[in-house]
Amino acid sequence: MRKLLAAPDPAPAVGCMAQAGVLTAILPGADPTALAPLVHLEGGMVPRWQRRLAVLGGDDLQDRLRLSRAEDRDIARLRSEIGGSHRPAALGHVLGADLGTDAVLARAALLEHPLPPDWQAEVARGAHNRFPVTADDLPSLIGPALGQELKRLQKAWLQSDLRLSKQELLR
């Protein structure tokens, strides 16, 4: 399945598998509808089977496809963010450059939306951007209260498209 999904255009083969009933036998719950739009959106990019598998869907991927724990974790994170509301920069920060790119492309394919402007630069910006607040910036808090405040501030920072400064977050 990995080799098939890494092919330049797997959509025709996967479509035939779906019509013959083979796809649902291998991956119950899989739907190839968004695969062709994804391949189109990828343009000349290197295909990533993880991105294509996330778009196909399916149940119980780790056992059915013998994915490693890391592969299963990455696909689960990717699927979660496809349905989320993070913008490309936030996706780059939360998922890293590769999975952030995958999430933007997969979301556009599944939701049948155009790619956001400058999305690649935004994913790269997020992947290289560090959250500006540390525990040292909150000396009056300790334990669970510190953790909760850091999570609240990080959520606000992600919602601001990584634009809020340290000073703005600490106000």
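Along the sequence, the protein chain reads α-α-α-α-α-α-α-α-α-α-α-α. That gives twelve helices and zero strands. Helices here are DSSP runs of H or I with at least four residues, strands are runs of E with at least two, and both are numbered from the N terminus.

A word on where this comes from. The model is predicted, so local features need pLDDT of at least 70 and side-chain atom pairs count only at pLDDT 80 or more, while totals for chains, interfaces and linings use all residues. Residues are numbered from 1 along each chain as its sequence is written, and side-chain values use heavy atoms, with hydrogens and water left out.

Now the chain as a whole. Its C-alpha atoms fill a box of roughly 65 × 35 × 20 Å, taken along the principal axes. The protein chain exposes about 9,600 Å², and carbon and sulfur atoms supply 53% of that; the areas come from the Shrake-Rupley method with a 1.4 Å probe, and for residues only the protein chains shown count as cover. Of the 171 residues, 37% are buried. Buried means under 20% relative accessible area, exposed means over 50%, and partly exposed is in between, with a 1.4 Å probe and protein chains only. Among contacts with a separation of 6 or more, 61% join residues 24 or more positions apart; contact means heavy atoms within 4.5 Å.

Next, one pair of helices. Two packed helices are described by the angle between their axes and the distance between the axes. How do helix 7 and helix 9 cross? The axes of helix 7, residues 69-82, and helix 9, residues 97-111, come within 9 Å and cross at roughly 50°. Helix 7 is therefore oblique to helix 9. On the terms: axes are lines fitted to C-alpha atoms, for helices over the stretch in contact, and angles run from 0 to 180 degrees between N-to-C directions. Angles under 35 degrees count as roughly parallel, over 145 as roughly antiparallel, 65 to 115 as roughly perpendicular, and the rest as oblique.

Helix 7 passes helix 9 in a right-handed crossing, meaning that the near helix is turned clockwise from the far one by less than a right angle. From helix 7 the contact takes D74, R77, L78, E81 and I82, and from helix 9 it takes L99, D102, A103, A106, R107 and L110. These residues divide into six nonpolar, no polar and five charged. Ala, Val, Leu, Ile, Met, Phe, Trp, Tyr, Cys and Pro count as nonpolar, Asp, Glu, Lys and Arg as charged, and the others, Gly among them, as polar.

L78 comes up again with Q50. Q50 sits in helix 5, residues 49-56, and touches I75 and L78, not counting residues up to four places away in sequence. Q50 counts as buried because its relative accessibility is 16%.

Then the loops. Is R66 buried or exposed? R66, in the loop between helix 6 (61-65) and helix 7, is exposed, at 73% relative accessible area. Its phi is near 55°, a positive value in a residue other than glycine. D161 also is not a glycine and has a positive phi, of about 65°. D161 lies in the loop between helix 11 (143-159) and helix 12 (166-170), and is buried at 8%.

E112 is in the loop between helix 9 and helix 10 (119-128) and counts as exposed at 67% relative accessibility. E112 and A124 are twelve residues apart in sequence and 23 Å apart in space, C-alpha to C-alpha.
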